[in-house]
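Dear colleague,

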Amino acid sequence: MEYARTCQGCGAVLHDEHPTREGYVPPSVFARSHDGAPITCQRCFRLLHYHKPSTVVASSEAFSTMLHDVGQQSGLVVHVVDIADCEATWIDALPRFVGERPIVLVANKMDVLPRGTSLTRMRDRVWQFARAQSWRVSDVHVVSAVQRIGTASLAQALARHARVFFVGATNVGKSTLVNALTAGVTDHRLTVSAMPKTTLQAVHVALPDARTYVDTPGIVYGRRLIERVPHAHVLRMRGEMRPVTLPLRSGQALHIGDYVCCEAVSPVPSITCYVAYTVSVRRQKQRSTHVAPLVDEAHGGEDVSWKPVRRRVTMPARAVIDIAIGGLGWLCVHADDQAVALDVWTPPGILVVDRPPWIGGKST
Ligand code: GDP
């Protein structure tokens with residue numbers, strides 16, 4: 001349906017029909033907007049808050065259509081994830097579309113891991129994670145597209161494939177990776193064309209040896225903090241991790257940045273925060289209930305009325321676990337002779353999962 005209103009950002013006539021056409025807004029945005037209140041189209045909204053309008057698909061249906069198209073075409077499928085955010089950037093549904101074809105996993109942004117992190121160990125962790133989901137994976141590469149680490153050997157491994165699809169959530173670094181892989185290979189490398197049988201835009205990069213890399217549109221799941229917070233906060237969540245370790249007494253709270261708090265239900269002997277060095281880590285006597293604004297996609301503004309949700313994490317004596325928090329990083333928690341319980345408070349919808357320790361704790 002076309003509406004008699006225009007986007008406050010670009011002036012395009014608003015409609016809810018074609019997610020890739022300018023002026024598109026999800027129908028739910030209209031349903032929730034007040035009469036006459038200014039509305040921002042999805043493209044402008046994403047430009048404003050994520051600086052990223054074009055390689056994002058609008059809905060999970062459109063994303064499924066795109067994955068279906070990838071699954072129908074011959075070529076190697078490379079799933080790109082953010083190594084600091086593996087669970088939240090993992091596309092669970094991918095094997096359903098790719099069928100029996102093995103997938104190559106690329107864990108990008110290794111440069112943000114603490115200095116001295118064993119890459120072999122991180123590669124093992126990603127393999128283990130894929131195995132735990134019963135994925136058929138033919139190879140795992142841990143790379144940094146920005147620093148061009150691991151990209152030469154990845155390019156070599158991809159060289160025997162005529163067509164390679166790069167698939168992943170938005171912001172994992174797909175475009176940066178494709179640019180890194182093709183740098184020096186071709187000057188005129190980015191041409192935009194529609195994928196066959198779909199109107200969704202993919203970027204086809206033609207290589208001189210007649211091969212093609214296809215950078216596909218990503219999706220915003222809304223389960224990562226970086227997808228939900230104002231841009232200034234996003235900038236603070238990027239950057240190298242410098243782990244901070246603290247104990248917590250029962251009742252004490254650890255505020256990590258402006259959106260996440262860990263509250264000790266029992267004493268916590270050691271908690272290590274693997275987050276960007278620009279994220280503040282503050283221990284307090286008790287949890288502060290003040291909330292920083294979240295981005296309100298429905299009204300193109302900010303929302304300070306949200307309520308944090310609590311996830312209780314328990315662990316037996318002598319256990320070591322990571323608690324991964326979508327878009328932020330992870331916490332490595334050690335118990336000693338006592339069982340440990342803590343509450344993790346985040347904005348609603350943010351992924352919080354526990355897993356075996358990736359860096360801290362004994363290698364298994
Ligand atoms: P896409 O949405 O998956 O195509 O992601 P982009 O290529 O647009 O990258 C998203 C953000 O991640 C940008 O700010 C990039 O600079 C950043 N980025 C991409 N690759 C890396 C990397 O290897 N290391 C770091 N630290 N940042 C990266």
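**The ligand and its shell**

The ligand is surrounded by 18 residues, of which V146, G173, K174, S175 and T176 are the closest; a residue is taken as near a molecule or strand if its C-beta atom, placed from the backbone, lies within 6 Å of it. The model is a predicted one, in which local features need pLDDT of at least 70 and side-chain atom pairs count only at pLDDT 80 or more, while totals for chains, interfaces and linings use all residues. Residues are numbered from 1 along each chain as its sequence is written.

By class, the shell around the ligand holds four nonpolar, 10 polar and four charged residues, where Ala, Val, Leu, Ile, Met, Phe, Trp, Tyr, Cys and Pro count as nonpolar, Asp, Glu, Lys and Arg as charged, and the others, Gly among them, as polar. The largest share of this shell, three residues, is supplied by helix 7 (residues 174–182); helices (H or I, at least four residues) and strands (E, at least two) are DSSP runs, numbered from the N terminus. Within helix 7 the buried residues are K174, S175, L177, V178, A180 and L181, and a residue is called buried if 20 or more other C-beta atoms lie within 10 Å of its own, exposed if 12 or fewer, and partly exposed in between, with C-beta atoms placed from the backbone. Just after helix 7, G184 takes a positive phi of about 80°.

**Overall make-up and cores**

The protein has eight helices and 23 strands, and buried residues make up 41% of its 364 residues. Among contacts with a separation of 6 or more, 67% are accounted for by residues 24 or more positions apart, two residues being in contact if their C-beta atoms, placed from the backbone, lie within 7 Å.

The largest nonpolar core has 92 residues, and the members that touch the most others are V78, L105, V106, A107, F166, I256 and I323; such a core is a set of buried Ala, Val, Leu, Ile, Met, Phe, Trp, Tyr and Cys residues joined through C-beta atoms within 7 Å. This core lies between domain 2 (56–219) and domain 3 (225–355), because both give residues to it, the domain bounds coming from an automatic or database domain assignment. If residues up to four places away in sequence are not counted, A107 touches V81, I83, C86, M122, V126, V140 and V142. A second, separate core of eight residues includes L14, Y24, I39 and F45.

Strand 21 (residues 329–334) is mostly covered, with six of its six residues buried. Six bridges join strand 21 to strand 15 (residues 268–275) in the antiparallel sense, and here I271 has V333 as its bridge partner; two strands are said to pair if DSSP finds at least two bridges between them. Strand 20 (residues 320–325) is likewise antiparallel to strand 21 and joined to it by six bridges, with A324 standing opposite W330. The hairpin of strand 20 and strand 21 has three residues between the strands, and in it G327 takes a positive phi near 80°.

Strand 15 is largely enclosed by the rest of the structure, because six of its eight residues are buried. Strand 12 (residues 244–248) runs antiparallel to strand 15 over four bridges, and L248 stands opposite V268.

**Strand 13 and its partners**

Strand 13 (residues 253–256) has a covered face, made up of L254 and I256, and an uncovered one, made up of A253 and H255. Four bridges pair strand 13 with strand 14 (residues 260–264) in the antiparallel sense, where the bridge partner of A253 is E263, and in their hairpin, which has three residues between the strands, G257 takes a positive phi near 65°. Strand 13 is also joined by four bridges to strand 16 (residues 281–284), again antiparallel, and H255 has R282 as its bridge partner there.

**A buried proline**

P217 sits in the loop between strand 10 (212–215) and strand 11 (218–219), and P217 counts as buried because 23 C-beta neighbours lie inside 10 Å. The C-alpha atoms of P217 and A62 are separated by 9.8 Å, although these residues are 155 residues apart along the chain.

With best wishes
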